[in-house]
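Work through the exercises below with the structure open. Each task is followed by a solution in steps.

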Amino acid sequence: MTAIQDSVLTPTLSSRYYTDSAVFEAENERIFERQWYYVGRADDLPAPGHFLRRQVGRETVILVRGSDQTVRGFLNVCRHRGAQLCLADSGDMGKAIRCPYHAWTYGLDGKLITAPNWQAMDSLDRGQYGLHTVHVEQWEGLLWVNLAPDPAPLIDQLRPQIEARLADYAKFERYGLGGLKVGGRVEYDVAANWKLIYENFQECYHCGTIHPELVRTIPEFQSPAMGTGGYDPTGYAIADDLASFSLSGDTVLPRLPHLLPEDDRLFYGMVVRPNCFISLVSDHVVVHRFEPVAHDRTTAVCEWLFPADVVESGDYELDDAVELFSKVNEQDFDAAEWCQPNMASRAYRHGGVLVPSEQTQIGVFYQWYLSALGDET
Ligand code: FES
Ligand SMILES: [Fe+2]
C-alpha cells in the first residue's frame, strides 16, 4: 500500500502519529516541555497559599500564589526523597508547602524553611534545597508555564498566532479576556489523540454533517467550502434572524464592554498552540484547555467567560450560551473518538487525505507540528 497522492487531495499525517506512544513521548519532550503551555486561570488562585497541580509533558507542576501575590511554579518533587508535594489538583496549602512524607517544609516561594530534626542538620545550606522552579507567565488572565531553562517571553509565542487569525492584535484586545470571569465549565475525557481534536477544530467540512445547531447559528459554516484559503479575518456572522450565539438564539447578554459596534454578531475561533483554543463572540469568550494524557487520550476543559457583573448579578441566563458550545464540543469529541480506533487499521497505515477546504489551516498546523517535533521520531 502506498500513500495516496493526488493533485486535489493532500495527505494527512500517517497513522503512527496517532498510535505510537514513542511519538507521544517525543511530543512531550519537544513540544509540551519546551513551549509555553496553558495550565489554568489566574483567578483559580484567588489568595496566597492557593495552588493548582498540572501535568506538563512528563512532569507534574504546582502553581502557587505567594504572600506577595505572585504566582510561582515548581516541579511537584520534594528535594528530600522525591515525594509528590501536592496530591490534589487544587486547594489551599496555607502558609507553607509541607511534604506529606517526612514534612520537609518549603515557603510559598519554594525556599526550604525547615525539616524535622533540623538541629541535626543545622549546618545545611537551605538555599541549596529549595524546590525546582519553572517559568510562569500570565496573559489575559490565563497562566502558562514553560519548562525550558531560558524561554523567550510568552507573548512572542502567542501574539503571532493571534495576528495570523485576526490580522489585528488590537481587535483581540478589545475582547478584554483578562477582565472576564468563568460562568460555565465542562471537563471532557476524550478517547482520542490531541491532534485529531485540533484538526477537527481547524476545518468546517464536517460542520454541516454533525453540527446542526452551530450551522443554524452561523450559516456560513454550512458550506463545505468554508475555510478554503484559510480563516476569514473579518469573522463569521450570526444568522440574521437570531439574537445571539446561544442554543435558542434568543438570549441577549450585554456586549463585552470594550468591543466596537463593528465587532457585534461575529464569531472567531482559533487554535492557540500548543494546547488552547479561543473562540470569540460579542457577549462571551470560550476557552478550551487541552491536556494530552496519552497517544489515544486527551483531557479537555472548556470554560465560558463573561463580564464579572454578568456572572455575579444572577440577572442573566448564561446556560443558553453555554449549551451551544457544549453541544459542539460533544459532537466534535465524538467525531475524534470515531477516528481514533481506526488510526491503527491497516487501511489507514499511510493516513488519510485532506480536501481543499481543509488544507490551508490543517497545513499550517502540520507545518508547526512537524517543525516543533523535528524529523527523527
Ligand atoms: S520525601 Fe518529602 S520530606 Fe521526605
Ligand atoms: Fe466541529
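**Exercises on salt bridges**

Asp241 counts as exposed, at 58% relative accessibility; exposed means over 50% relative accessible area, buried under 20% and partly exposed in between (1.4 Å probe, protein chains only). The model is predicted: local features need pLDDT of at least 70, side-chain atom pairs count only at pLDDT 80 or more, and totals for chains, interfaces and linings use all residues. Residues are numbered from 1 along each chain as its sequence is written, chains are lettered from A and ligands numbered from 1 in the order in which they are written, and side-chain values use heavy atoms, without hydrogens and water.

**Exercise 1.** Find the residue with which Arg216 forms a salt bridge (a side-chain nitrogen of Lys or Arg within 4 Å of a carboxyl oxygen of Asp or Glu).

*Solution.*
- Step 1: the partner of Arg216 is Asp241, with the closest N and O atoms 3.0 Å apart.
- Step 2: Arg216 belongs to helix α7 (residues 212–217), whereas Asp241 sits in the loop between β13 (236–237) and β14 (266–272), 25 residues apart. Helices (H or I, at least four residues) and strands (E, at least two) are DSSP runs, numbered from the N terminus.
- Step 3: Arg216 is partly exposed, at 43% relative accessible area.

**Exercise 2.** Determine whether Glu27 and Lys195 are buried or exposed, and state what their salt bridge connects.

*Solution.*
- Step 1: the closest N and O atoms of Glu27 and Lys195 are 2.6 Å apart.
- Step 2: Glu27 is in helix α2 (residues 21–32) and Lys195 in helix α5 (residues 194–201), so the bridge ties together parts 168 residues apart in sequence.
- Step 3: both residues are buried.
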